[in-house]
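Here is a short report on a protein fold.

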Amino acid sequence: MPTYKHRNRSGAIRWGFMFSLVGSSRSDRRRISESGFATKRDAEDAEAVRRVEEQRKLVLAKTGAGIAAKPPTTLAQLFTEFFAQHVDNSLAPKTGERYHEQAAYLDPGLLAMSLLDITPLHLNREWKRLLMCGGRHRRTKASRPLSKKTVSNIAGVVSSAFSRAIKWGLTSVNPVTNSEPPIPAKRKGIALTTAQQDLLFAGATSPWCLSTYLSVDAALGARRGEVLALRWSDLENGRVTIARSLSQTKAGLIFKSTKEENILVIGLPVSALAALEAHRKRQDVFRAQFGRDYQSDLDLIFANPDGTPLRPDSISAAVSALFKRLKIPKPKGAALHLLRHSHGSHMLANGVSLAVVSQRLGHSSVRTTADIYVHEIHGQDDEAVQKWEQYQERNRPTKSQNRKDDVQ
C-alpha cells in the first residue's frame, strides 16, 4: 500500500507513504518515503504532490534542464517548465502545492498531446471527464465526480500554463479561453446568529486559547491564517495591523503576506480587547513556566503554550469538531470561515456601508463583497424602498397647499 500507519515512540499514531520510482527494478530499487503525518489524508495528499514532483524531475532529466535545452512541445513538458520557472519560484508555497495537486488530475492522454494540437474541444472533453469521474475515493480508490469549483480551478491552472507558453513564444493561442469549463455556483455568505457565536465561544476548550481566538476572529472578520499570525506588537490603541498570514504547507509552517498583499489596520470592539487582556495574563503564566524555552521572539498572540505557532489545519479541525458537538448547522466544508462570513453579514445587516465592510474583510474589490453578500444587500434594498416612500410622503404637498396653488 502507498500509505501506511505506525506508532511513534510517544505512542501516537502517525501516517506515511512509500512508492517506487519509475524504472525501479529488483536489482535497483529506488523508493520515495516520508512519514510523520497526522492523518491518512495528509499522507495521501503529500504522496500525490511528491509523485508529480518526481515525474517532473524525470522529464527534466530526459529533456535536459540547461539553458540550451529544447523547449517544451507537449502539455506535460509545458507543465514541467511552468512549475520550474514560475509556480515553484514565484507563487506562495501553499498556492504552488494546489497547482501541483490540480495538474495531477489531468488525463495522461491530454498531457501527452502537442501544445499546437490541443483545441477547445479537447479541453471540453477533459472538463466533462473530470466532472463525471475525475476524482478518486480516498479509501476504495474508485472513481468519483469532481465538483464544478474543482474543475474550474483545474482549468485555471491549465490556462495559466498556456498564458506562460504564449509569453515564451511556444504557442500563439490559449485554447482554454474558448473552452467551456463549468461555472461554480456563486458563494453566499451564510451567517451565524449571535447566540450561536456565543455558544461556540463558551464551548471551545481545546486548544487552550481557542475561545479567545474565536471571539477575536468573529470581531475582526479576518482569515484564519491572518489571525494566527498576529503579534502583540500588531495591537496598538485598540486597533490591529494585519500584514501577514500563517500558512501550513507540506514543508511546514511559514509566515507570508496576506492574500491580497494588503496591510489592513482595523479596530477591535471593547469586548474583544477585554478577552485579549485576560488571554495575555494566561499566556504570561506559560511564558514563566517555559522560561528561556518560550518562543518570545515570535511574539504571537495565539500560540502553543511554549509560544510556537499553532497549526492552521488543527484549528480548523477543532472548530469543525466543535460545530458537530454543539450541533450547530453549517454548509458542507465550512466551519471556521463562517465567522468571517458572519462578520460581514452582521455589519451589512446593521447598515454599515458596503465599502467599509469590503475594506475590513480585505477583499480585492467592493464587487467581490457584493457578490458574496448579495442577500444582505437585498435586505438593505427593502429598507431603501421604505425610506424612498417615506421621503415622498414627507415632501408631497398637502390638500390646502394644492387649493392655494389652484387659486393663484
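A contact here means heavy atoms within 4.5 Å. This is a predicted model: local features need pLDDT of at least 70, side-chain atom pairs count only at pLDDT 80 or more, and totals for chains, interfaces and linings use all residues. Residues are numbered from 1 along each chain as its sequence is written, and side-chain values use heavy atoms, with hydrogens and water left out.

**Overall.** The protein has 16 helices and ten strands. Helices (H or I, at least four residues) and strands (E, at least two) are DSSP runs, numbered from the N terminus. Of its 408 residues, 36% are buried. Buried means under 20% relative accessible area, exposed over 50%, and partly exposed in between (1.4 Å probe, protein chains only). Among contacts between residues at least 6 apart in sequence, 58% join residues at least 24 apart.

**Helix 6.** Helix 6 covers residues 148–167 and reaches 29 Å from its first C-alpha to its last. That is close to the 28 Å expected at 1.5 Å a residue; the expected span is 1.5 Å times one less than the number of residues. Its buried residues include Val151, Ile154, Val158 and Phe162. The buried residues of helix 6 pack against helix 2 (75–90), helix 3 (93–103) and helix 5 (120–133). Gly169 follows helix 6, with a positive phi near 75 degrees.

**Cores.** A nonpolar core is a set of buried Ala, Val, Leu, Ile, Met, Phe, Trp, Tyr and Cys residues joined through side-chain atoms within 4.5 Å. The largest has 41 residues, and Tyr213, Leu214 and Phe302 touch the most other members. Several elements each supply at least two of its residues, among them helix 7 (194–203), strand 7 (239–242) and helix 10 (270–290). Helix 8 gives the largest share, seven residues. Tyr213 touches Arg224, Val227, Leu228, Phe302, Ile315 and Leu336, leaving aside residues up to four places away in sequence. Another core, of 28 residues, lies apart from the largest one; Val157, Ala161, Phe162 and Val176 are among its members.

| Residue | Relative accessible area | Class |
|---|---|---|
| Cys133 | 30% | partly exposed |
| Cys209 | 2% | buried |
| Asp293 | 58% | exposed |

The structure holds zero disulfides, a disulfide being a pair of cysteine sulfur atoms within 2.5 Å. Asp293 sits in the loop between helix 10 and helix 11. Asp293 and Gly307 are 14 residues apart in sequence, and their C-alpha atoms are 8.8 Å apart in space.
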